[in-house]
Amino acid sequence: MDRRAFLGTAAGGMGMLSLAAAARGAGFDPLAGIEPVRASPDRLFRVTVCLRPFRAPGPRIEVEQVGRKRVVHNYGHGGSGWSLSWGSAELAVPLALADGVKDVAVIGAGAVGMAAALTAQRAGATVTIYAKEQFPYVRSARATGTWSPDSRIAMKNAVDPGFGDRWEGMARASFSQFQSLLGLPGDPVEWTDRYMLSDTPMGEGQRRAKAEPMVERPDDFLHLESRLHDITPRSVELAPGTHPFRPTYARRNSSLTFNIADLSRRLTNDFLIAGGKIVPMTFNAPSDVTRLPQKSIINCTGYGARSLWRDESIVPVRGQIAWLIPQPGLTFGVFYGSLSMLARRDGIVVQEVGSDEWFGYGDANEEPDRAAAEASVRQLAQFWA
Ligand SMILES: Cc1cc2nc3c(=O)[nH]c(=O)nc-3n(C[C@H](O)[C@H](O)[C@H](O)COP(=O)(O)OP(=O)(O)OC[C@H]3O[C@@H](n4cnc5c(N)ncnc54)[C@H](O)[C@@H]3O)c2cc1C
């Protein structure tokens, strides 16, 4: 029976809503767990700001000699630091362990530093982390917590010809590492559904946005995620009336969520259990590394590299998160207009993301804006029919 003939039958005429109900009756509920978020400002428990360490040519992963020390830089991961942490460690660690080095220092204990330290340990090295801040005080603790390997990772015209392949290698290596953190107690990493909502049919909104006059930009952000189509789940259109959201059109796909409270604790514990040491220390100039006992140092200082290494190629991209009290069982995400919500086990993350990736670009203000956070939460309340 073809599609048109099917729609002519009683089953086809039932309408999508009753089909969804029938599916539920049959024991399968495609929308299970999609309850409204209790989106009211009185449930806000904190407002945080994080700066994405963006570099137009992409993350800096290369060796620099400082006196007799070998420094392997591993910073500047933009909006993709969690997602690419393991893959960039796989590039940086062999550089640090070259020539038989067995004792390494890692500067920084954020997402990138922890992954580099664990990767070096797994390669047989003794590792000491030196850092000004540790979790939960590092900037990585204030991220959305989603798989976003090409979010503000580089500019189209600033990357070298090999960047796409290197990025793909990093993304695939990270993706594979995150699979090993699934199904663990505390759910440090899990697959959850995301709903993209729109008042117009999917695709039309984007076409219209393209027709609008563009602001003149020097370059544009590079997008590479299509290179991963074989390992990332496909998205599914949900017909109007078959979902609980107020906007008419919805598209669902599934992505990895990082429950950062649990994930960061697990990374830290794994590192300490394997014999790693964490030493609180602030570096004020590159020459400070010459005082470390280790000859090989992996520099994972994130946005901190801008002042420490005087690297002005790092541009801050500000992002603010309004945190709502988590609701048991609620683990999904929604995008609508310029607002995004991700219900994690450690908090419901609500974020104004602007109309494009230039939102927050060049803004180093880390002061939370409570009024804006409350406005985002009130907007979220309107997502449900
Ligand atoms: C709002 C927002 C949401 C985001 N969401 C996501 C997401 O969902 N998924 C994703 O993959 N990425 C996301 N990102 C990007 C991600 O958060 C960053 O790329 C990542 O946190 C960078 O990690 P890092 O370890 O390099 O830096 P940091 O977390 O900043 O860690 C740097 C470490 O270096 C130390 N350090 C710095 N300077 C010095 C110094 N002078 N001396 C001693 N120690 C020093 C710090 O104390 C810290 O320990 C988001 C970013 C923002 C702003």
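**Exercise 1.** Which residues lie nearest the centre of the second largest pocket, and how many residues line it?

*Solution.* The model is predicted: local features need pLDDT of at least 70, side-chain atom pairs count only at pLDDT 80 or more, and totals for chains, interfaces and linings use all residues. Residues are numbered from 1 along each chain as its sequence is written, and side-chain values use heavy atoms, without hydrogens and water.

Step 1. A pocket is an open set of points on a 1 Å grid over the protein atoms alone, with protein on both sides within 12 Å along at least five of seven lines; lining residues have an atom within 4 Å of a point.

Step 2. Of the 19 lining residues, Phe-135, Pro-136, Ile-260, Ala-261 and Ser-264 lie nearest the centre.

Step 3. Helix H8 (260-273) and strand S1 (44-55) each give two or more residues to this lining; H8 supplies the largest share, six residues.

**Exercise 2.** Classify the ring pair of Phe-175 and Trp-191.

*Solution.* Step 1. Rings of Phe, Tyr and Trp (its six-membered ring) pair if their centres lie within 6.5 Å; planes under 30 degrees apart are stacked, over 60 edge-to-face, and the rest tilted. The structure holds 18 such pairs.

Step 1. The centres of Phe-175 and Trp-191 are 6.0 Å apart and the planes stand at 70°, so this pair is edge-to-face.

Step 2. Phe-175 belongs to helix H6 (residues 163-179) and Trp-191 to strand S6 (residues 189-198), so the pair ties together parts 16 residues apart in sequence.

Technical notes. Helices (H or I, at least four residues) and strands (E, at least two) are DSSP runs, numbered from the N terminus. On a 1 Å grid over the protein atoms alone, a cavity is a set of points where a 1.4 Å probe fits but cannot get out, and a pocket is an open set with protein on both sides within 12 Å along at least five of seven lines; lining residues have an atom within 4 Å of a point.
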